[in-house]
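Please look over the sequence and the structure before reading on.

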Amino acid sequence: MSMQKRKLEYKWVILALCILMNFVCLGFCSSNKAMYLAVITDVLGIKRSLFSINESCRYIASALVNVFFGTLVYKYGVRKLTAVGFLATVAAMVTNAVAESVPVFCIGGTLLGIGLALTTTGMTGSIVRRWFTNDIGKYTGIVFASNGLGGALAAQIASPIINQPGNPFGYRQSYLLVAAIVAVTGILVVALLRDQPKQEMPVKPAPVAKKKNKGINWYGIDLATARKKPYFYIAAAVVLATGICLQGINSAYIAHLRDIGMSAEFTAT
């Protein structure tokens, strides 16, 4: 196999790294956050409404990072930003493990928002667009789907630790275990990740075989044009409302299931 072909195939390593990033960071740090709610608030005597402020801090931090995401990537590159993201995510897990008050949990939430903004959907989507010229939507979808798989695995690992009989502080051990998993993943990802393919070897789109057209390719419109369309604001409002509903439910549903008597094993599953 020629050196050129080996270099061109490095995009598959990049794709695997993107899948791993979403699998671990979203799956272990975000998808199962509701498992911690009831345990932490009961043990530390914190009202759930106050504890949920740390989630608000997370999303505010993510939003601020995303506003400047393009500028940050242009200035520092995806590899350095990904390293910062993993550091912030590990710091968030450690902070939550030692926190005993709402302000400290809010610090953890802020760090988590920064970390996930630099290691998950926005970042991995950007990396895929840099390395692939064809079927970008397909590969991005594969990367994003790994979140659910990671969450399913994380639930089975974290739930027994969080709900240890006779140990009300098992959640701290779970946070520290997740921190270790994220740290190891981060070392691997940063070591293998590259900002973009070598410029001296441009990747040309593969020839497309003639086949029956199953639809059209839609490339969207630029933001300046979208702002002039009424449906842009309607869509934005729908996305915002959907996010509020889904994130609110996702943050609290496990605690509610526990409240009505369902077991920790069942709610985790």
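A nonpolar surface patch is made up of Val13, Leu188 and Leu192, which together have about 200 Å² of accessible area. The model is a predicted one. Leucine 192 belongs to helix α11. With a relative accessibility of 32%, leucine 192 is classed as partly exposed, because partly exposed covers the range between under 20% (buried) and over 50% (exposed).

**Salt bridges**

- The count of salt bridges is 4.
- One of them joins lysine 33 to glutamate 55, with 4.0 Å between the closest N and O atoms. Lysine 33 sits in the loop between α2 (10-29) and α3 (34-44), while glutamate 55 sits in helix α5 (residues 53-67), so the pair ties together parts 22 residues apart in sequence.
- Lysine 33 and glutamate 55 are both buried.
- Glutamate 55 also meets arginine 58 in a salt bridge, at 3.8 Å from N to O. Both glutamate 55 and arginine 58 lie in helix α5, and their separation of 3 residues is about one turn of the helix.
- The relative accessible area of glutamate 55 is 12%, so glutamate 55 counts as buried. Arginine 58 is buried as well, with a relative accessible area of 6%.
- Through these contacts, Lys33, Glu55 and Arg58 are linked in a network of salt bridges.
- A further salt bridge connects arginine 172 and glutamate 100, whose closest N and O atoms are 3.3 Å apart. Arginine 172 is in helix α11 (residues 170-192) and glutamate 100 is in the loop between α7 (78-98) and α8 (102-117), so this pair ties together parts 72 residues apart in sequence.
- Glutamate 100 has a relative accessibility of 56% and counts as exposed, because the exposed class is over 50%.

**Aromatic pairs**

- A search of the whole structure gives 10 aromatic pairs.
- Among them is the edge-to-face pair of tryptophan 12 and phenylalanine 132, with 5.5 Å centre to centre and 70° between the planes. This pair links distant parts of the chain: tryptophan 12 is in helix α2, phenylalanine 132 is in the loop between α9 (121-131) and α10 (136-162), and the two are 120 residues apart.
- Tryptophan 12 is partly exposed, at a relative accessible area of 40%. Phenylalanine 132 is buried, at 4% relative accessibility.
- Phenylalanine 132 also pairs with tyrosine 139; this aromatic pair is tilted, with 4.6 Å centre to centre and 35° between the planes. The angle falls in the tilted class because stacked planes are under 30 degrees apart and edge-to-face planes over 60.
- Tyrosine 139 is buried, with a relative accessible area of 13%.
- Tyr36, Phe169, Tyr171 and Tyr175 are joined into a cluster by ring pairs.

Technical notes
Residues are numbered from 1 along each chain as its sequence is written. This is a predicted model: local features need pLDDT of at least 70, side-chain atom pairs count only at pLDDT 80 or more; totals for chains, interfaces and linings use all residues. Side-chain values use heavy atoms; hydrogens and water are left out. A salt bridge is a side-chain nitrogen of Lys or Arg within 4 Å of a carboxyl oxygen of Asp or Glu. Helices (H or I, at least four residues) and strands (E, at least two) are DSSP runs, numbered from the N terminus. Buried means under 20% relative accessible area, exposed over 50%, partly exposed in between (1.4 Å probe, protein chains only). Rings of Phe, Tyr and Trp (its six-membered ring) pair if their centres lie within 6.5 Å; planes under 30 degrees apart count as stacked, over 60 as edge-to-face and the rest as tilted. Patches are made of residues with over 30% relative accessible area and no salt bridge: like charges are joined within 9 Å, nonpolar side chains (Val, Leu, Ile, Met, Phe, Trp, Tyr) within 5 Å. Accessible areas come from the Shrake-Rupley method with a 1.4 Å probe; for residues, only the protein chains shown count as cover.
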